[in-house]
Amino acid sequence: MQIKLYNTLTKKKEDFVPLNGNEVRIYSCGPTVYSYAHIGNFRTYVFVDNLRRLLKYNGYKLRHVMNITDVGHLESDADEGEDKMEKAAKKENKSPYEIAKFYAEAFFKDMDRLNIERPEIIAKATEHIPDMLEFAKEIVKNGYAYETSTAIYFDVSKLDKYPVLSNRNVDDQIAGARVDVDPEKKNPYDFAIWIKAPENHIMKWDSPWGLSYPGWHLECSAMSRKYLGEVFDIHTGGVDHIPTHHENEIAQSKGAFGKIPAKTWMHVEFLQVNGGKMSKSLGNVYTISQLQEKGIEPLAFKMFCYTAHYRNKLNFTFDGALSSQKALNRLRESYLKHESGTRNIDQSIIDEYKGQFVDAINDDLNIPLAMSTVWEVARNDCKSKDFANLLLEFDKVLGLDLINSGKYIEEQLKIEIPDEIQELIEKRKKAREDKNWNLSDEIRDEIKEKGFIVKDTKDGGMTVEKM
Ligand code: AMP
Ligand code: ZN
């Protein structure tokens, strides 16, 4: 069945046909490595993983690039505030390079724990400064940029059309424009492609404009062209990239070589927490490790992502994620039961399930719908190796590492009870001895909130397991 993908550029679901025969070229905007990536970021990378797996499942070869932003991303996407890397370096009393190394390693560790495939090419911004400088010079040479006392700005008024991806209206912005940080900017939407480094700035390079550093959007333009050519198949990111970062990448490519760099632009809707934005001030910016501390495995978070289509908002709650953990455990148990099953299943039944699954994933990665087929197979009363193999086939796209189900279940049984939980268990024992049933129930709920389930046994004892 033909793959269909939603393209933000045309606002339509389109038949996907690669530009270069059997090879699909993809560029994914990667993390800015100034702190730990959060579960919202990982929703986007889980989607990228599914996209890779979907294309491979359909027989395509991949050339996939992801960047690591380690310079030039200012606090606001629109050229305001400090460079995020330099700010983190000052705060942690380290060099920006040490910060980048530390958080990039942490990022890839989480990616591995989520069983997310690595792109073929990982490109760090700081290792591509000459490519970016070359790109900036082309933009300037073609008359699309101008110099101010602080930066080289892209002049959006020189473009035939801006914006092309988003609905933001340039005139509205001009009318309601805030006081701009740089009064030398000609239009409010003009953005810095190169920034002149203030005296105390650490990351800076020689350029025709003195010691300076690249603007954030430029790295993706320069590195995608370097590794994938001027026009490639798919560009991915979160929806926050639509109005500024990707709009500006398109502007830059048009300025340098007159083309929109990717054919299909795919964007993942936001992961919210408790129905609202994730933000440091609300204290709800969770990491994969923090989820693990609450008894939610990284792969259970991946499973949680499968409860909504990537183009819909997904609301994270701990209850929801704990349900996904339980569902994942059930799926593993079902797989193992099929694995030791003896029944033979008619090939036509296998083909029908496979057809349903492929129809769902090829329709703009409708994973929630594909999951309904997964569950039908998992729950089938006929226990059969044929179904176990079919689940493994589905897992080529889901990436839940089902083949190792037995190992995960064993590990869960082995999990040590943390001291904090052990203390609560002791308190609960005491409450039960005192016949203080209310307190006993309260402690049981508290233990549950921390990701463990206490069950009372008939002989008056207790068992504890991880949720
Ligand atoms: P950053 O490290 O800020 O450049 O973000 C890395 C990726 O995560 C980008 O593709 C963002 O669009 C995406 N992203 C950021 N916040 C969220 C969120 N709450 N939900 C989904 N994706 C997000
Ligand atoms: Zn980018």
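Predicted model: local features only at pLDDT ≥ 70, side-chain atom pairs only at ≥ 80, totals over all residues.
Local features need pLDDT of at least 70, side-chain atom pairs count only at pLDDT 80 or more, and totals for chains, interfaces and linings use all residues. Residues are numbered from 1 along each chain as its sequence is written, chains are lettered from A and ligands numbered from 1 in the order written, and side-chain values use heavy atoms, without hydrogens and water.

Start with ligand 1. It sits in the largest pocket. A pocket is an open set of points on a 1 Å grid over the protein atoms alone, where a 1.4 Å probe fits, with protein on both sides within 12 Å along at least five of seven lines. Sitting there means that more than half of the molecule's atoms lie within 2 Å of the pocket's grid points.

Around ligand 1 there are 16 residues, of which T32, G40, T44, D240 and L271 come nearest. A residue counts as near if one of its heavy atoms lies within 4 Å. The shell divides into five nonpolar, nine polar and two charged residues; in this scheme Gly counts as polar. Two elements give two or more residues to the shell: α1 (39–57) and β12 (232–238). α1 gives the most, with four residues.

Now the polar contacts, pairs of N or O atoms within 3.5 Å. A polar backbone atom of T32 is 3.0 Å from an oxygen atom of ligand 1. A polar side-chain atom of N41 also lies 3.0 Å from a ligand 1 oxygen. T44 uses an N or O atom of its side chain, 2.8 Å from a nitrogen atom of ligand 1. The protein covers 92% of the 490 Å² of accessible area that ligand 1 has on its own (Shrake-Rupley method, 1.4 Å probe).

Next, the zinc ion, ligand 2. Its protein donors are C29 (SG), C220 (SG) and H245 (NE2), at 2.0 to 2.1 Å. Donors are N, O and S atoms within 2.8 Å of the metal (3.2 Å for Na, K and Ca); water is not among the atoms, so sites may look incomplete. The sequence spacing is C-x190-C-x24-H. C220 lies in helix α6 (residues 216–228) and H245 in helix α7 (residues 242–257), 25 residues apart.

Two loops close the tour. The peptide bond from Y162 to P163 is cis, with omega near 0°. P163 is in the loop between β9 (151–154) and α5 (170–175). N115, in the loop between α3 (96–113) and β7 (121–124), has a positive phi near 55°.

Methods. Polar contact = N/O pair within 3.5 Å; in protein donor to acceptor, adjacent residues only side chain to side chain. 1 Å grid on protein atoms, 1.4 Å probe; cavity = no way out; pocket = protein on both sides within 12 Å on 5 of 7 lines; lining within 4 Å.
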